[in-house]
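Here are my notes after going through the model.

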Amino acid sequence: MGSSEGRAVLQLEDEDLVRSEHFDRKTSSSGAAPQGSSYDVEEDDDSPKSILNSIRKNIQIVFFSNKLNILVPCGPLAIVVNELTDHHGWIFILSLLGIIPLAERLGWATEQLAFYTGPTVGGLLNATFGNATELIISMYALKSGMIRVVQQSLLGSILSNTLLVLGCAFFGGGIIHSNKEQVFNKGTAVMNSGLLLMAVMCLLFPAVLHVTHTEVHFGKSVLALSRFSSCIMLVAYGAYLFFQLTNQKNLYMPMAEEEDQIDGSSDNEEAPEISKWGSILWLSVMTLWIAVLSEYLVNTIEGASVAMDIPVAFISVILLPIVGNAAEHAGAVMFAVKDKLDISLGVAIGSSTQIAMFGIPFSVVVGWIIGCPMNLDFQMFETATLLMTVLVVAFMLQDGNSNYFKGLMLLLCYLIVAASFFVHIDPESIQDKPRKHNG
């Protein structure tokens, strides 16, 4: 079993061969005859014509290589509708649809950058930028004082990843590989389950204090406890990252070994399509565009709830996370079908862990800085939902294998959760309505 550095050296030594094979595949599939990749042009030729050609190829790869990109015009259309009308329902729907392809392309650009950073850093980048959409939406909602929307959207992201995304991965992988038992790294799954349970504990105590009215200083103790617990959670997550990057590099070995076993047939598919700096540029562009649409999305949540007669809790917990997790959803299922469950677990449970141990406490700290009383009191209904979800998923992961029936159970659990929030009216949400309404 070679080290990460050894694999990186071998990858660099075979770089020319991988590039040539990659573009042979591109030529045969598209009928074109490219002279080189975008990064070949950037590195080998700095003439204006070659630079323009490189930009054209990058745009073609980014915007015309995925069918979901047909939804990209929905974003600008949402801005136009907002300027011309006050139909919050349409603005919300168009913003929601416009963010879907951007979230997918954000995940794709992260994967491209991961080719140049190695598996460990690449895995962390995938988890971080995979949750960028939810975090951006949360920051805009927090700035608008919509605390409950922030809490519910982050909670919904955890529920969506652990039940919907993981359930689809287990179900799809189990159906395709029904003749054998799929296995994954049990140690990694148990560690993530432990972190999720720690997050539940940090959310449970403020909720119980609030409901039982056992605070020392009513209205202040819960907020103080939330801020203290958030700092502890951030420290724990930082220690977890350090643990991953140093002592536990072998946790990524199952993924590397599975890829190495099929190198002869998958090298062509796994070659980078754009350069390192191209990946960074597109990551920046996609993040900024998601930030713009997120503002329109957040500002029309209340109006859309009234127009479509759907509870704000359902929109925040179910609809927003499904859009934000579009890239993870597709990726997790694809890897499960390819019998790479370690990667699927890393996408689904890894993202949930990051939201629970970083996204939620980070929002509390940001609220603390800007003077917004964001806390960990997610109310008993939401906290109980999260507790039961984490317990169900932890039991599903404890034996280190999966099948389609486990996936089906997770999906049915998600349907129950969705139905529960559809009939749930949050009495606290009235306090968080935006002060400005256009109609």
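1. A cut-off to start with: a residue counts as buried when its relative accessible area is under 20%. Phe 184, at a relative accessible area of 8%, is therefore buried. Keep in mind that this is a predicted model.

2. On to the rings. A pair of aromatic rings is described by the distance of the centres and the angle of the planes. Rings are paired here if their centres lie within 6.5 Å, and by this rule there are six aromatic pairs. Take Phe 170 and Phe 184: their ring centres are 6.1 Å apart and the planes sit at 20°, so this pair is stacked. Planes under 30 degrees apart are what counts as stacked.

3. Where do Phe 170 and Phe 184 sit in the chain? Phe 170 belongs to helix H9 (residues 147-176), while Phe 184 is in the loop between strand S1 (182-183) and helix H10 (186-212). They are 14 residues apart, and the pair links distant parts of the chain. Phe 170 is buried, with a relative accessible area of 0%.

4. The pair formed by Tyr 237 and Tyr 240 has ring centres 6.0 Å apart and planes at 45°, so it is tilted. Both tyrosines lie in helix H11 (residues 221-245), three residues apart, which is about one turn of the helix. Are these two tyrosines buried or exposed? Tyr 237 and Tyr 240 are both buried. Ring pairs also tie them into a cluster with Phe 358 and Phe 362.

5. Now the surface. There is a nonpolar patch of about 810 Å², and its residues include Phe 171, Ile 175, Ile 176, Val 337 and Leu 412. Which elements give two or more residues to the patch? These are H9 and helix H20 (404-422). H20 gives the most, with five residues. Leu 412 is found in H20, and with a relative accessible area of 45%, Leu 412 is partly exposed.

6. Last, have a look at Asn 401, which lies in strand S2 (residues 401-402). Asn 401 is buried, with a relative accessible area of 13%. Its side chain makes a polar contact of 3.5 Å with the side chain of Glu 181. Leaving aside neighbours within four places in sequence, Asn 401 is in contact with Glu 181, Gln 182, Val 183, Phe 184, Met 396 and Lys 406. So Phe 184, buried at 8%, turns up again here, as a contact of Asn 401.

Technical notes: Residues numbered from 1 in each chain as written. Predicted model: local features only at pLDDT ≥ 70, side-chain atom pairs only at ≥ 80, totals over all residues. Heavy atoms only, no water. Phe/Tyr/Trp six-rings, centres within 6.5 Å; stacked < 30°, edge-to-face > 60°. Helix = DSSP H or I, 4+ residues; strand = E, 2+ residues; numbered from the N terminus. Buried < 20%, exposed > 50% of the residue type's maximum accessible area, 1.4 Å probe, protein only. Patch = residues over 30% accessible without salt bridge, like charges linked within 9 Å, V, L, I, M, F, W, Y side chains within 5 Å. Areas by Shrake-Rupley, 256 points an atom, 1.4 Å probe, with all protein chains shown as cover. Salt bridge = Lys/Arg side-chain N within 4 Å of Asp/Glu carboxyl O. Polar contact = N/O pair within 3.5 Å; in protein donor to acceptor, adjacent residues only side chain to side chain. Contact = heavy atoms within 4.5 Å.
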